[in-house]
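Here is a short briefing on two spots in a protein model. Keep the structure in view as you read.

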Amino acid sequence: MKLTVRMRLFSILFGTLLLVLLAPGSSSARTEQVFRLDGGNATYAFGVNERGELQTLYWGGRLGPHDSVPAAHSLPEWASFDSPNTNTPQEYAGWGAGLFTEPALKVTFADGNRDLVLHFVRATPSGAQSLELLLKDISREIYVTLHYSIDPESGILARFASIENRQKQPVVIEQAAAAQWTLPPARYTLSYLTGRWAGEWTVNQEPIQGGERVIESRRGTTGHQANPWFAISRDDSQNTAGPITADEEHGEVWFGALAWSGSWRITVEHSQLDAVRVTGGFNPFDFGYELKPGEHLETPVFYGGYSDHGLGGASRLLHRFEIAHILPHAPDPKPRPVIYNSWEATEFNVSEAGQEAMAEKAASLGVDRFVMDDGWFGQRKDDHAGLGDWYVNSEKFPRGLKPLIDKVRSLGMDFGLWVEPEMVNPDSDLYRKHPDWVLNFPGRPRSEQRNQLVLNLARSDVRQYIEGFLDKLLTDNDIAFLKWDYNRNWSEPGWDQVPVDQQRRVYVEFIRNLYSILADLRQKHPKIEIESCSGGGGRVDLGILHYTDEVWPSDNTDPFDRLSMQDGFSYAYPPQVMMAWVTDSPHWLNNRRTTSLSYRMLSSMQGSLGIGANLNNWTPDDFATAKRLIADYHSVQRTIVGGDLYRVISPRGGSEFSASETVSGDKNQAVLFAFTHSTQEGRDFPLLQLQGLEPDAEYKLGWIEGKALPGTPESASGAWWMRHGLQLDLRGDFQAAAFRLDRQR
Ligand code: DGJ
């Protein structure tokens with residue numbers, strides 16, 4: 001059949017959205033529709049097949065502007081056991097018509113029907129690089145709008161879905177993904193992040209084999225135990241029987257991150273026909289979102305990208321994207337102030353005099369921000385009481401917070417304060433007044449963790465209370481920064497004030513209210529900066545990072561443990577948001593490990609630096625070392641937190657050595673940190689060949705800490721530093737070195 005093809009090309013400086021549309025009216029016209037998004041070094045294409053399904057066609061390296069992508073044709077039945085519906089890689093599959101792989105959407109209708117088959121209705125460009133596609137069930141009034149946009153710089157796609165019920169009766173959504181991604185057929189290695197409290201950010205790597213790998217949180221929050229990020233590296237050693245290892249700087253990598261701070265799930269499926277599909281969105285466990293007639297449910301955004309420079313290239317793209325598009329002050333968030341926080345020094349024993357004395361010491365180091373942590377409010381003597389009562393404790397601060405804040409300001413720092421708004425101790429005025437405000441099932445036990453319960457933020461009165469006290473706190477006091485903590489996960493997630501069929505909405509409404517409070521506070525107090533902390537790294541994701549300027553990656557501040565945690569963190573998130581404190585040695589967690597102050601400083605200087613040690617115990621030498629290194633840090637901070645990160649030697653897998661390098665966007669500066677755990681058999685530190693420099697430019701070497709072996713030039717070309725490389729003089733136990741390279745004009 002001869003088809004009339006109408007092409008609309010939206011030319012943009014870097015990215016393009018190309019729609020190949022056909023004349024309306026032709027029954028087969030829609031089967032030839034191909035939608036293509038181009039950005040950075042990536043192309044994403046999908047089309048409508050002859051059954052009307054939206055089918056993935058291509059995701060990978062950028063294609064030529066005039067290349068055509070063949071139209072979609074659904075895959076045939078493989079055997080009577082595998083329907084075409086299962087075999088065809090759909091962009092957003094409803095559970096119906098014999099779909100045996102993960103659905104994107106599963107619903108139960110009021111009459112008991114649970115069959116849902118989504119077919120394409122129309123596509124509408126919604127911006128220069130974005131597109132909306134409408135799908136509808138083959139007979140029922142369930143509509144799904146799929147949103148796509150591509151970042152012209154990084155080629156990272158943002159996808160989410162909006163599900164609308166136009167039936168006359170409610171439907172229950174049992175499973176709703178933000179997006180499904182299909183990769184080209186190949187052998188792959190999956191990387192993902194897991195952990196536990198004080199042990200977050202473990203990188204796991206495994207071959208993708210038949211079946212499904214589930215990465216998830218069922219905890220009502222993002223969780224320490226897994227993080228909503230994945231990377232899938234193409235295995236180049238397809239024909240070898242050897243172990244499969246992802247390559248840091250070479251090869252094709254597909255990656256994604258989910259922007260959701262509630263229960264979430266990402267599945268990586270290797271189907272019976274060797275297709276690899278990733279599905280991510282709300283966690284279907286205990287989910288059940290009732291959608292009344294006329295209502296719609298919007299899913300979180302699932303971001304996905306492609307790199308042909310290995311896992312290093314993938315994280316560099318993701319970092320740039322997060323800084324340019326996700327963070328509250330994107331595209332140019334300012335480097336984080338160097339903070340002092342006394343939590344590890346004083347715990348709950350805060351007082352006006354004690355904090356002021358500590359502030360004087362912190363200021364003498366060149367610290368920019370002084371943060372008072374837990375213990376300042378209510379009847380908070382320890383973690384048994386006070387959460388929920390957000391008034392200043394008059395025994396500890398008889399004159400209120402003002403004298404301390406004034407003192408901190410007079411020392412040239414700004415002031416930050418710890419809060420944990422979503423929690424309540426049963427021993428609090430708030431709980432005595434509103435015992436019904438917590439997540440619970442009536443008549444059932446209320447499980448406490450850290451002696452606290454979770455306020456049901458899905459409730460409008462709770463939402464109002466939390467926003468109200470925070471607004472007042474920020475209005476009444478000169479507070480520049482909130483450390484927003486969240487120290488337990490959900491249990492008994494009941495919400496009995498709404499009808500039974502709406503109670504599971506708590507999984508969505510709680511998080512939406514959290515986001516909206518953060519958005520309101522930022523709007524009312526535009527100068528406020530916020531850290532997302534959840535007993536360390538329990539709430540780090542691209543959803544919360546839209547509203548918070550930084551995160552606390554872990555309560556584990558051991559400088560050696562932090563090396564591998566920071567390495568793991570960096571796969572998904574940039575050093576800009578990664579707070580890293582220098583604390584005391586021996587460290588409380590690994591309590592017989594002693595490290596030097598310079599080792600601890602350099603470990604933390606790889607991210608956004610903070611000091612959390614008890615300065616009352618520091619010697620004059622300690623003050624001098626920290627002051628010098630903080631000044632050095634300030635002078636190269638923009639490169640460290642905003643540059644391109646190269647994990648030159650990974651500390652993972654029991655490595656004796658590690659090194660990380662960041663290069664500024666203009667390639668004018670590079671900063672390198674190197675660490676050795678313990679020298680064995682007299683071995684030298686591995687030769688350091690730098691990366692990402694301009695080969696023909698001249699770079700001058702400047703030491704922050706440590707030295708190289710004799711013969712290392714003071715200045716050499718980028719080619720020399722990258723190809724010849726330098727040999728550090730770094731031996732012994734827990735030793736560290738750092739240097740900078742500055743381009744000469
Ligand atoms: C957990 C946080 O991660 C710590 O840094 C500290 O703020 C405590 N909570 C305070 O209770």
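What covers the buried residues of helix 4 includes strand 22 (339-341), helix 3 (343-346), strand 23 (369-372), helix 5 (402-410) and helix 11 (620-642). Bear in mind that this is a predicted model.

**Helix 4: length and end**
- Helix 4 covers residues 352-365, which makes 14 residues.
- At 1.5 Å a residue, helix 4 should span 20 Å.
- Gly366 follows helix 4, and its phi is positive, near 95°.

**Helix 4: the buried face**
- The buried residues in helix 4 are Glu352, Gln355, Glu356, Met358, Ala359, Ala362, Ala363 and Leu365.
- Seen down the axis of helix 4, these buried residues fall within an arc of 165°, so they line one face of the helix.

- Asp151 sits in the loop between strand 9 (142-150) and strand 10 (157-165).
- Leaving out residues up to four places away in sequence, Asp151 touches Gly39, Gly40, Ile156, Phe321 and His325.

- Is Asp151 buried or exposed? Asp151 is buried, yet it has no salt bridge.
- The nearest side chain of opposite charge is that of Arg320, 8.4 Å away.
- The side chain of Asp151 makes a polar contact of 2.5 Å with the side chain of Ser154.
- A polar contact of 3.1 Å links the side chains of Asp151 and His325.

How values were computed: Residues numbered from 1 in each chain as written. Predicted model: local features only at pLDDT ≥ 70, side-chain atom pairs only at ≥ 80, totals over all residues. Heavy atoms only, no water. Helix = DSSP H or I, 4+ residues; strand = E, 2+ residues; numbered from the N terminus. Expected span 1.5 Å × (residues − 1). Buried < 20%, exposed > 50% of the residue type's maximum accessible area, 1.4 Å probe, protein only. Arc of directions from axis to C-beta. Contact = heavy atoms within 4.5 Å. Lys, Arg positive; Asp, Glu negative; His and termini not counted. Salt bridge = Lys/Arg side-chain N within 4 Å of Asp/Glu carboxyl O. Polar contact = N/O pair within 3.5 Å; in protein donor to acceptor, adjacent residues only side chain to side chain.
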